[in-house]
Structures are given as structure tokens and as C-alpha cells.
Amino acid sequence: MPTQSIPTKKPISINNDPWEAYNDVEQYGDLTLSNIEFTTTNLCNMRCSHCAVGYTLQTKDPESLPMDLIYRRLDEIPTLKTISITGGEPMFSKKSIKHVVKPLLKYAYHRGIYVQMNSNLTLPQDRYLDIAEYIDVMHISHNWGTIDEFTSVGFGAMEKQPPLKAKLKLYEQMIDNASTLSDQGMFVSAETMLNQSTLPHLEKIHNEVVHDMKCRRHEIHPMYPADFASSLNVLPLKEMKRAIHYLLDIRDPETWMLFGTLPIYPCINDPQDQALLNRLRETENVTMRNDPDGRNRLNVNMFTGNVIVTDFGDENGTISNIKTDRLTDVFEQWLASPLAQALNCHCSKFNCLGPNVLVKNMYYPNTDFREKEREMHLMYNMD
Ligand code: SF4
């Protein structure tokens, strides 16, 4: 580990979101690899129906790759700014915490790299307190409009169901952990998906996130029909926009609300879309984030070394392996691929990096965004 002084990090705020891919475009003039997401375990104490790895979770993790290889691949990325740690539940397996999670956290700490952990926050509090100093964002999914929703969907992919009492205890633990960690200064960010299940409960969920869990940020992401989420219902575009307006009406104005992967773009000729985009831009403590997948992020599996473009995994599968390839090379090859070329439009006037493949397929199957990009560049005199 390097012995030189540890770089300082600017605190995360609405003016400093290190996961925003547009930062790299501004800094380097192009899409740049700055975020690696590591899947550090396949184990979890829950089995959410909406979990990206819910159906691949196992009862025992295989051996992970040697950390020397991981450090080497990270050292090769000079532009690395953020690491995301995901699972399973990254804090579930003590073996994985000791041999994978903590070494990664320490590596990031010494390089001044921001770290997000994706956790369900249902485990005993001391596990989270133990790593608190290394975590910049503790990210939790909160899609529970009712306790019933938690006890059913939260274990939806589990064959042998735990007793109801045990499930309820986990819910209480999650709320208490979020609130205590927030009180102690951790940046806890809760994410809610917009779908048919959450739609009737958005106000209740938001209030719980803000007042009971004391989260510093509430993230809102539309749900797209990736395989893992196929049992939940996607919202039609019109209802989605109505839900966004509703959230802006009822939200706590003091809490940062981050909208990610919105299916609304400056180039779509719809006055209502443009009015909603303006409202989002002008509302205080509200930000929109470009989708990081494939724009500044690659996902690495700590056991196999396989690299995927996260949400594009379904479309594209594994694109490479870190046992043989540098991540910067993999990223360049991905950007040159026909799929990335077809999708990666860019309009500097709006800091917009276009839709991902799920958004395009779901809502804009017949729109040629590269053509839209040409029109926008002509209309607004962009380079
Ligand atoms: S970057 Fe793409 S999606 Fe965004 S405004 Fe331009 S053409 Fe439309």
C-alpha cells in the first residue's frame, strides 16, 4: 500500500456527485472509465424479487480472485474516481468482508477514491459501524410501500421462507440502522424504483426515507424490464411522468432528490416533457444523473473476473475478463462496439448522454438517437 499522504475528497453534495458520467466528459472531453463496480459476494440474507442478482444468489461463495490482480487492474486506471461494492449483501459473509471488502475499502481510501456500498442494511449494526470511515455513500433500496410488500417481495426469490417475525425484525433493523448511521454522519442514500408496486405508496416511502431513516438523499429510478425485475410492473411513460411531478409536489424540499436514468430527453418534441425537464432543472435540491453503465462504469465479478456493462449485461453478456485484459482496454473496445456507437449520443448544451439500451427498447424503439443528436447539434450550434 502506498505510504504517501492520503488525497482529500470533497464531500458529496448536490454540487459534487462523483458518479455522474458527465463530470468525466467535462474533465477529459469524452466518456472515460472512472467507476468500477465489484460484485463481492453472491450471498445474502434476503432474496428480493427486484434484485439484480436475486436468482443467482448462492449458499457458499467460490474462492475470489487474488487481490493482487484486482489492485493491478485498478492501478492501471489513472482516471478512477469511484468504486461501487455490491452483492448479494456485501456485509453478510465475514470471510468476504475480511478478504475482499475491507482490502478494497482500504485500497480506495489510500487512493482518495469515493466508495459506494449497496447494502440492504438489515444486518447487525456493528458490521456497518466497523467500516463507516471508509464509506462515502451507503446505498439502500427502499421500495416497501407496506410491511407486507417487504415480507413478500423482499423474500420473493427465496425457496424456504423465514418466519414472519424474523422478517419483521429485519425491517426494524433496516430502519434503525439507516437512522443511526445517518445520525453518526454516514451519507445514507435510499433508492426507490418507480413501478406499479411503489406508485400508490410514494409519499409514505419518501417520508420514511426522510424522517425515519434520516437519509441524506432519496434516489428515484424508473424501473426498466431487465430480466431480474420481470415480475414487477413497469409504468407506461405517461404515468411515469405523472409520478415524477407528484414526487416533486410532495417531497421534503430540504432533502436531495436524485433522479437517475429518466426516459425524458431534450430532443424529444413534446412540450410536456420539456416542461417537466425544466421543472426538474429549476427545483432546489434536485439533480438528474446520466446513466453510468457503459458511460463511465464497468462491472467486475470478484470470483470469475468477468466484466459486464452492468445493465447491458443481458443484452451483451460478458464482454471480457480481468485475468487477461486491462479494464481501460475493455472500456475502449466497448465504446467502439456497434451497440455503444448506436446509443452514446451527447448534447453538451444539456449535459445529456442519451438513453441506455433498456430505456431505448422500452420507450423509444423507433427513435434514432444519433439522428436526434445531429438535429440538436444543428439547432443549437453545438460542436
Ligand atoms: S444526447 Fe441524445 S438523448 Fe440527449 S438530447 Fe442529445 S440526442 Fe437527445
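**View 1. Strand β9 is covered on both faces.** R297, N299 and N301 on one side of β9, and L298 and V300 on the other, are all buried (a residue is buried if 20 or more other C-beta atoms lie within 10 Å of its own, exposed if 12 or fewer, and partly exposed in between, with C-beta atoms placed from the backbone). Five of the five residues of this strand, 297-301, are buried. Helices (H or I, at least four residues) and strands (E, at least two) are DSSP runs, numbered from the N terminus. This is a predicted model, in which local features need pLDDT of at least 70, side-chain atom pairs count only at pLDDT 80 or more, and totals for chains, interfaces and linings use all residues. Residues are numbered from 1 along each chain as its sequence is written.

View 2. Two strands pair if DSSP finds at least two bridges between them. Strand β1 (residues 35-39) runs parallel to β9 and is joined to it by five bridges; T39 has N301 as its bridge partner in β9. With β10 (residues 306-308) the pairing of β9 is antiparallel, over two bridges, and N299 stands opposite I308. Four residues separate β9 and β10 in a hairpin, and G305 in the turn has a positive phi of about 85°.

**View 3. The open sheet has 11 strands.** Their order is β8-β7-β6-β5-β4-β3-β2-β1-β9-β10-β11, with mixed pairing. At the edges are β8 (286-289) and β11 (320-321), each of which pairs on one side only. Strands β5 (residues 188-194) and β6 (residues 217-222) run parallel and are joined by six bridges. T192 stands opposite I220 in β6, and L194 has P222 as its bridge partner in that strand. Strand β6 is largely enclosed by the rest of the structure because five of its six residues are buried.

**View 4. The largest nonpolar core has 55 residues.** A nonpolar core is a set of buried Ala, Val, Leu, Ile, Met, Phe, Trp, Tyr and Cys residues joined through C-beta atoms within 7 Å. The residues with the most contacts inside this core are I83, L104, V115, M138, A178, V188 and L298. Helix α3 (residues 94-111) gives the largest share of the core, six residues. Another core, of 15 residues, lies apart from it and includes I244, M257, F259 and I264.

**View 5. L80 sits in a loop between α2 (67-75) and β2 (82-86).** It counts as buried because it has 21 C-beta neighbours inside 10 Å. Not counting residues up to four places away in sequence, L80 touches S34, I36, L74 and I113 (contact means C-beta atoms, placed from the backbone, within 7 Å). The C-alpha atoms of L80 and S49 are separated by 32 Å, with the two residues 31 apart along the chain.

**View 6. Helix α9 (residues 271-282) has 12 residues.** The helix reaches 16 Å from its first C-alpha to its last, close to the 16 Å expected at 1.5 Å a residue (the expected span is 1.5 Å times one less than the number of residues). The number of buried residues in α9 is zero, so the helix lies largely in the open.

How values were computed
Two residues are in contact if their C-beta atoms, placed from the backbone, lie within 7 Å.
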